[in-house]
Structure formats: C-alpha cells, structure tokens
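Subject: Structure handover

Hello,

I am passing a structure on to you. Please open it and keep it in view while you read the notes below.

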Amino acid sequence: MVFMGILLLLSFLSEQQLEYLELHTHKSFSYQWLSAHFIHLGMQHTLINVAGATVVWFLCVSIVPARLLLAMLLLLPLGISAGLVMTNTAMSYRGFSGAIEGFLVVGIIWQWWLSRSFALLLAFLVAGKLIVEQMPNFDDTYLLDSIGGLVAVDAHLYGVGGGLFLALVYLVLAYFKVPLFLAPWRMPWAINSIT
C-alpha cells in the first residue's frame with residue numbers, strides 16, 4: 001500500500017520534473033533507467049497501473065517472499081529499461097506496467113504450488129495477451145486518449161522475461177537450499193508440500 005501511495009504522489013510532480021525522470025532510450029545508463037518506472041503520463045495512467053498492481057497483488061503476488069519482491073522492485077525496471085534501450089532507437093518511457101507483468105509472472109509461478117489450475121489459467125491469459133501485443137498489426141494507440149501516450153508493449157514483454165529470469169534464479173537457489181531462499185514447494189500451503 002505504501003508503494004501504491006508513492007506512485008500516486010509522484011503523479012503530482014510537474015511535467016518538467018517528470019521529463020527529468022523519464023527514460024530516453026537514446027541516452028546512456030542513468031538513474032532514469034529506474035525512475036521512469038515509477039512515474040506516469042498522467043493521473044489516469046497512474047490509476048490504471050495502481051489498479052493493475054493491486055489486482056496482481058491480490059491474485060497471486062501476496063504469496064511471493066518479500067525479499068524476492070524487493071529485489072524485483074529494483075531489478076525489473078533496470079531489465080526493462082535495458083531491453084527498451086537495446087531495441088528502440090529513440091523513445092521516451094514512463095510507467096510501471098512492464099514491471100507489473102513481471103510481478104504477475106512470478107506470482108503465477110508461486111501460485112503453481114497453491115492452485116495449479118488457477119496458475120495455468122493466468123499463464124494462458126498472460127501468454128495470450130503478449131502474443132496479441134506482439135502482432136505486427138496491434139494497435140498500441142488504444143489507450144492514447146486515456147493515458148496520453150502509446151502503450152509500450154515491448155516493456156510488457158521485457159517485464160515478463162525479467163520476471164521469469166528472476167523467478168528461475170530464486171528457485172534454483174531455493175532448490176539448492178541456499179539460506180534465505182524459501183522454496184515454494186516447501187511452504188505449508190503448497191500442494192504436496194515437501195517437508
């Protein structure tokens with residue numbers, strides 16, 4: 001809830017301040033690789049992402065270990081920014097939706113040990129959404145009137161990839177019983193939990 005409050009507060013910055021925080025893909029590495037993900041194009045854009053993050057939290061992310069969530073909060077934006085910089089010659093970016101996609105994927109993976117059918121349903125929905133967004137004729141202007149900009153579908157793709165990568169690293173460390181990495185299959189709520 002604190003994080004959602006921070007996103008809402010940042011939406012009250014002036015346009016000039018927001019421009020200093022947004023990602024410009026033609027520039028080299030800077031603080032903007034992180035800051036751009038916590039600012040938005042306007043209040044409606046902020047509210048859409050806050051609502052999306054809240055839904056994702058209640059659907060599945062609430063069972064993910066806090067240390068992984070905190071690492072994701074820092075690493076997902078950096079990974080998404082790196083992907084945008086490497087694949088786009090000149091664009092500016094603001095928004096948290098790519099990171100939301102990464103959180104959703106990690107939540108789905110943890111959901112696997114709680115409810116496999118629900119995890120599969122969510123995974124198919126996310127995969128279907130990504131496939132549609134990556135089609136050449138996808139209309140990335142569909143939210144233009146609401147958020148004041150194009151939908152950065154590549155950020156969603158990189159968010160999913162970053163979420164998968166971070167989940168895999170965490171699960172490998174948990175499998176080898178590295179301290180502080182709790183395996184989801186060993187949790188008391190897990191289906192067929194291993195003790």
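This is a predicted model: local features need pLDDT of at least 70, side-chain atom pairs count only at pLDDT 80 or more; totals for chains, interfaces and linings use all residues.

Residues are numbered from 1 along each chain as its sequence is written, and side-chain values use heavy atoms, with hydrogens and water left out.

Start with N49, which sits in helix 4 (residues 43–59). Helices (H or I, at least four residues) and strands (E, at least two) are DSSP runs, numbered from the N terminus. N49 counts as buried because its relative accessibility is 4%; buried means under 20% relative accessible area, exposed over 50%, and partly exposed in between (1.4 Å probe, protein chains only). The side chains of N49 and H40 are joined by a polar contact of 2.9 Å. A polar contact is a pair of N or O atoms within 3.5 Å; within protein, one must be able to donate a hydrogen and the other to accept it, and residues adjacent in sequence count only if both atoms are side-chain atoms. Apart from neighbours within four places in sequence, N49 is in contact (heavy atoms within 4.5 Å) with H40, G95, F96, S97 and I100.

Next, the aromatic rings. Rings of Phe, Tyr and Trp (its six-membered ring) pair if their centres lie within 6.5 Å; planes under 30 degrees apart count as stacked, over 60 as edge-to-face and the rest as tilted. By this rule there are nine aromatic pairs. In one of them, the ring centres of F38 and F96 are 5.9 Å apart and the planes are at 35°, so the pair is tilted. F38 is in the loop between helix 3 (32–35) and helix 4, and F96 is in the loop between strand 2 (92–93) and helix 6 (97–111), 58 residues apart. Both F38 and F96 are buried.

W113 and W185 form another tilted pair, at 5.5 Å centre to centre and 50° between the planes. W113 lies in the loop between helix 6 and helix 7 (116–133) and W185 in the segment after helix 9 (153–175), so this pair ties together parts 72 residues apart in sequence. W113 and W185 are buried too. One aromatic cluster is formed by F3, F38, F96 and F103.

Last, the surface. L125, in helix 7, is exposed, with a relative accessible area of 54%. F12, in the loop between helix 1 (2–10) and helix 2 (15–21), is also exposed, at 63%.

Regards
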